[in-house]
Amino acid sequence: MTTRPRRMDDMAAHECAMRAAIAEACGNPVYPFGAVIVCTATGEIVARGVNNGRVSPILHGEVVAMNDYVARRGNTDWSAHTLYTTGEPCGMCMGALIWARIGGVVFGSSISEIERTGIDQIAISARSVIDASPFYHGTLLGGVLRAETDQLFQRRQRS
């Protein structure tokens, strides 16, 4: 899927990429954390991921997408990309994205909303993790297609 180039105020482009993350999330109906990494200049989806916590507790959707990116493109050029994810990244995932120096992170549902659906969360916001990093200068945008991602979590299968 290709969309037009990203600007943080280009909501139509953000929504298109978030729909791709939602599609990935459908691969795990119990923990629907899906993510895609998009080239900021072209809108091309360059990596995908969905939560795979049954294999390893660190395989959150964002980490799976990051691993897919590295497998396809190597550990380079992160700042030219934006990660879209159905749920606000946890501290572990946000830390990994900061260490990679990804250009931006866009999420749908907040940590507090996800917790209301019965999924345990660590109550540290993505913004708090960014604020603790003096070297990260990427962007953060939350609430994109929030109504759709909230429903994804609310209607998830219970294990």
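A polar contact is a pair of N or O atoms within 3.5 Å, of which, within protein, one must be able to donate a hydrogen and the other to accept it. The exercises below concern a predicted model.

**Exercise 1.** Determine which side chain makes a polar contact with the side chain of Thr149, and state whether Thr149 is buried or exposed.

*Solution.* 
1. Locate the residue: Thr149 belongs to helix H6, which covers residues 146-154.
2. Identify the side-chain partner: the side chains of Thr149 and Ser109 make a polar contact at 2.8 Å.
3. Examine the backbone: a polar atom of the Thr149 side chain lies 3.2 Å from the backbone oxygen of Arg146.
4. Complete the surroundings: with neighbours within four places in sequence left aside, Thr149 is in contact with Met18, Ile22, Thr86, Gly108, Ser109 and Val144.

**Exercise 2.** Describe the largest nonpolar core and identify which element gives the most to this core.

*Solution.* 
1. Begin with the members: the largest nonpolar core has 20 residues, and those touching the most other members are Ile37, Trp78, Leu83, Met94, Leu97, Ile102 and Val105.
2. Assign the elements: two or more residues each come from strands E1 (34-39) and E2 (45-50) and from helices H2 (61-73), H3 (91-100) and H5 (126-131).
3. Select the main contributor: H3 gives the most, with four residues.
4. Inspect one member: beyond its neighbours within four places in sequence, Met94 is in contact with Pro89, Val105, Ala126, Val129 and Ile130.

Technical notes. Residues are numbered from 1 along each chain as its sequence is written. This is a predicted model: local features need pLDDT of at least 70, side-chain atom pairs count only at pLDDT 80 or more; totals for chains, interfaces and linings use all residues. Side-chain values use heavy atoms; hydrogens and water are left out. A nonpolar core is a set of buried Ala, Val, Leu, Ile, Met, Phe, Trp, Tyr and Cys residues joined through side-chain atoms within 4.5 Å. Buried means under 20% relative accessible area, exposed over 50%, partly exposed in between (1.4 Å probe, protein chains only). Contact means heavy atoms within 4.5 Å.
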